Amino acid sequence: MVLPFDPQATEVLGYDQHLPAVGAASLTAHALRQRFKHPPEWTPDVEVERWFNATSPRPAAVLIPLVMRPEPTVLLTQRSMHLKAHGGQISFPGGRHEPADITPVNTALREAHEEVGLHPERVEVLGSLPTYTTNSGFVVTPVVGLLQPWDLDDELLKLERQPGEVDEIFEVPLAFLMNPAHHQRRLLIVAGAPIELLAMPWSSTLAEEPYFIWGATAAMLRNLYRFLVA
């Protein structure tokens, strides 16, 4: 599916620096386990993409892998350009539900194994966030899990991307993503109507261009922020 607009060309309305960042003490493995074990009352910011064109809903799941380095990161992928759904976009490992999948957790772990070579036994599943409906008709369950590097020098986590589905595997500091000062509010015009979307551009010293995190991925990260800061 080719987007009818360039998300990076949309107007930046502002940033949410008025909102508090999630502190480092809340991003440790222990604190994250406790938050999911005893969840607070909270409300997600975004649950449906507003340019969503209703079709038959299709269940899907993604894994939000939190890599427990000395400074925790989030593992993300760059999807291959030729894919029909969200080609070229930044996403979490994941995909559509298959008949053999008993739960969304099964879907997320299976897809992560297929896409990036992440073995399910390496993931400590903490829980799930509310579903998010994409403009392509997927009702996505975000499954949050902890991933421990095998050693501190394991920069690439010994993962292997699936050619044809994933062009790149990379990590973004969790503290960066959990700081609303880095959350851009952008303006999109659809059929003459203004729609606000989120983006979280991140620059790596190893990459030639910034990673433009937006759409469903940014929305689910924003919901994770709301859950952790509540």
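A residue counts as buried when its relative accessible area is under 20%. The exercises below apply to a predicted model.

**Exercise 1.** State how many helices and strands the protein has, and what share of its residues is buried.

*Solution.* Begin with the secondary structure: the protein has 4 helices and 11 strands. Next take burial: of the 230 residues, 49% are buried. The exposed surface comes to about 11,500 Å², with carbon and sulfur atoms supplying 54% of it. For contacts with a separation of 6 or more, 69% join residues 24 or more positions apart.

**Exercise 2.** Which residues of the largest nonpolar core touch the most other members?

*Solution.* This core has 42 residues, and Leu 66, Leu 177, Met 178 and Ile 213 touch the most other members. Elements that each supply at least two residues to it include strand S2 (58-67), strand S9 (166-173), helix H3 (174-177) and helix H4 (215-229). H4 gives the most, with 9 residues. Now follow Leu 177: leaving out residues up to four places away in sequence, Leu 177 touches Val 74, Val 172, His 183, Met 200, Ile 213 and Leu 221. Another core, of 14 residues, lies apart from the largest one and has Leu 63, Ala 112, Val 123 and Leu 157 among its members.

**Exercise 3.** Is Ser 91 buried or exposed?

*Solution.* Locate the residue: Ser 91 is in strand S4 (residues 90-91). Ser 91 has 10% relative accessibility, so it counts as buried. Then list its contacts: beyond residues up to four places away in sequence, Ser 91 touches Leu 76, Thr 77, Arg 79 and Thr 217.

Technical notes
Residues numbered from 1 in each chain as written. Predicted model: local features only at pLDDT ≥ 70, side-chain atom pairs only at ≥ 80, totals over all residues. Heavy atoms only, no water. Core = buried A, V, L, I, M, F, W, Y, C linked by side-chain atoms within 4.5 Å. Buried < 20%, exposed > 50% of the residue type's maximum accessible area, 1.4 Å probe, protein only. Contact = heavy atoms within 4.5 Å. Areas by Shrake-Rupley, 256 points an atom, 1.4 Å probe, with all protein chains shown as cover.
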